[in-house]
Amino acid sequence: MLGFLQQPVMVTTEVNLNMVALTAVGLLSRLWQLAYPRAVVFDEVYYGQHISFYMKRTFFLDGSGPPFGHMLLALGGYLGGFDGNFLWNRIGAEYSSNVPVWSLRLLPALSGALSVPMAYEIVWELGFSHCAATGAALLLLIENALITQSRLMLLESVLIFFNLLAVLSYLKFCNSQKHRPFSPRWWFWLVLTGVACSCAVGIKYVGVFTYLLVLGVAAVHAWHVIGDQTLSNVRVLCHLLARAAALVVLPVLVYLLFFYIHLLLLCRSGPHDQIMSSAFQASLEGGLARVTQGQPLEVAFGSQVTLKNVFGQPVPCWLHSHQSTYPMIYENGRGSSHQQQVTCYPFKDVNNWWIVKDPGRHQLVVNNPPRPVRHGDVVQLVHGMTTRLLNTHDVAAPLSPHAQEVSCYIDYNISMPPQNLWRLDIVNRESDTDVWKTILSEVRFVHVNTSAILKLSGVPLPDWGFRQLEVVGEKLFRGYHGSTVWNVEEHRYGRSQEQKERELELHSPTQVDISRNLSFMARFSELQWRMLTVRSDDSEHKYSSTPLDWVMLDTNIAYWLHPRTSAQIHLLGNVVIWASASLATLVYALLFIWYLLRRRRRVCDLPEDRWLRWVLAGALCAGGWAVNYLPFFLMEKTLFLYHYLPALTFQILLLPVVLEHISDHLCRSQLQRSLFTALVVAWFTSACHVSNMLRPLTYGDRSLSPSELKALRWKDSWDILIRKYW
């Protein structure tokens, strides 16, 4: 019965020593003296601020990309015991003792190190030799720009890691498809492909290019599955549903998960609150939530409110008025009504308060019980501190003459009657009887007499308007736009009819407690929209460059300079590898077109399996370069050399593929192959030599004299190489 115990349990496994060695040297090259320099290097000053926000659970808004990458960096800080207390205000600043530099840089370094064996696996899974796979891995290993970028608290190496993981997972899934579809291995690689694609997009928005590439290749393969006559209709449907679930639905869910964790962690009010809506701000601890705690939910006749513009551009601001009037004559000679100014003011102020008045009554207090204001009701808005009514008329606005002037009415005893009736339009209502709600309702004010809509033009007024933002009545406006939409941010029920008592009341808190927490999807939608539309700093930078500069490596970035010696770190690529990778891409394109034309003429230079392998390698490697490079020509943003690194990685993968193809299919004789192999060895030796020459600028661990620095310029080093090797 227990006879099986008489024999030992044996487990056998195969270990690819190439993979082990590549992983080891990859880790060594990226982790060597990782905490050096112990100073803020280039964009670490930018990412470090976000890590501190995570450590303190303070909300922030970053328009550069989704939160997954920042959370990974923050995870390194958390594991290292970082408390977030460091002032990230200057490149080159020495890190204090509480900053775990090694931990903060660990995850990018690991990502860069693991990309080396992953390159080996990708080329091997494409069906090429171990020699080509090893060559691809070694090129990634010695590429100086990739080493530099992965040894710092930056995100490009993490993005490259997930790009490669997505491609590798899909290749392993395709190879599993040929043998055992729907097996656990098949499902594992398919699901991992979807997760890796979502992670790439979650690091930076440009990760979507690799995701779309994988989706495109998967769509072509799915098309072939549909045409496979050996599969039943049910089987084909299962294949399509599995791919749709893993490559479309799952990435969306994982992407949402990133934001869910992000919003769960950042629960406290922070410096970027004002960019968000009032409802979003009220969902955070402190800040507006502390101010609005206890506000009534429903706006009633007699309510005292502040009205914030939903659009929030160019800055968040509130409807505002003050005692000053429009000048009689503007600088351009046009006249005005000389009424009291109405503006949008970007700061909290007592002059931001307005009273919602029933036009049929004189009282400015809330009845008991309150009479709520509903969609379609006609109201008057009384400025709290001056008791003048919001008004517009057929007078041109000061800076937007196509629109009407908005003012608070002053009776000058002339033939200019007040026009101060406004119809409430609740934009996000669920029915025509909806009640106007604090924070939650987005409303428009439509002028009863002229049908003009109260709108923020966003134009700063001259000195006579204290540089506050212009508010107009837009009569010709069509459709929805945030500049015409307002929401109540602060709200209290008015109890005092006398003006002096009411002025004191405007400064006092309210007592009714109403919870108005937003749902996750509402917060996600708003945060994602703000991330996509927030204005970034597009000013020229000393080290900014164009996509054309990247291909020829006609640019670099000085990341760090030692304050006392000439040791420094530069983002500078290996010119031999960059030029060879670009040449290999061109050679692949020419060969592909040549083969395609000949196949059209029924001349097959390659067997069918070799042709399909050649096409797939081009689709993933050359295609990966194209989708990660060409879109930058259309981007209106400040660009740097490191933006090219994901595209370069795919180019490097293509290089040994092209070299092997030339050796196997274009070199006809053994002598030609031997000569070509000798050329490849000499070329690789020169690449290693350049990599070693640039080592002081990659690691920054050695002082350099001015003559040594000049010799490391790639054009000068190229001349040295030509003299030495050729």
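## Basis of the model

Residues are numbered from 1 along each chain as its sequence is written, and side-chain values use heavy atoms, with hydrogens and water left out. Because the model is predicted, local features need pLDDT of at least 70 and side-chain atom pairs count only at pLDDT 80 or more, while totals for chains, interfaces and linings use all residues.

## Helix α4 and helix α5

Helix α4 covers residues 101-125 and helix α5 covers residues 130-142; helices (H or I, at least four residues) and strands (E, at least two) are DSSP runs, numbered from the N terminus. The axes of α4 and α5 come within 8 Å and cross at roughly 150°. That makes α4 roughly antiparallel to α5. Axes are lines fitted to C-alpha atoms, for helices over the stretch in contact, with angles from 0 to 180 degrees between N-to-C directions. Angles under 35 degrees count as roughly parallel, over 145 as roughly antiparallel, 65 to 115 as roughly perpendicular and the rest as oblique.

The crossing of α4 and α5 is right-handed; this term applies if the near helix is turned clockwise from the far one by less than a right angle, and left-handed if anticlockwise. In α4, the residues that meet α5 include Ala119, Tyr120 and Trp124, and those on the α5 side include His130, Leu140 and Leu141; contact means heavy atoms within 4.5 Å. The contact of α4 with α5 has 11 nonpolar, three polar and no charged residues. Here Ala, Val, Leu, Ile, Met, Phe, Trp, Tyr, Cys and Pro count as nonpolar, Asp, Glu, Lys and Arg as charged, and the others, Gly among them, as polar.

## Helix α4 and helix α7

The axes of α4 and α7 come within 9 Å and cross at roughly 30°. The two helices, α4 and α7, are therefore roughly parallel to each other, and α4 passes α7 in a left-handed crossing.

Among the α4 residues in this contact are Gly112, Met118 and Glu121, and among those of α7 are Phe161, Leu164 and Lys172. By class, the contact of α4 with α7 holds 12 nonpolar, five polar and three charged residues.

## Cavities and a pocket

Five cavities of 30 Å³ or more are found in the whole structure. On a 1 Å grid over the protein atoms alone, a cavity is a set of points where a 1.4 Å probe fits but cannot get out, and a pocket is an open set with protein on both sides within 12 Å along at least five of seven lines; lining residues have an atom within 4 Å of a point. The largest cavity holds about 90 Å³ of space, and its lining includes Arg30, Ser115, Leu140 and Thr649. Helix α4 gives the most to that lining, with three residues.

The second largest pocket holds about 930 Å³. Of its 31 lining residues, the closest to its centre are His221, His224, Leu612, Arg613 and Leu616. Helix α17 gives the most to this lining, with 11 residues.

## Backbone features

Most residues other than glycine have a negative phi, and most peptide bonds are trans. The bond from tyrosine 36 to proline 37 is cis, with omega near -5°, and proline 37 lies in the loop between α1 and α2. Asparagine 368 and proline 369 are also joined by a cis peptide bond, with omega about 5°. Phenylalanine 182, in the loop between α7 and α8, has a positive phi of about 70°.

How values were computed. Grid points are joined across faces, edges and corners, and a volume is the space filled by probe spheres set on the points.
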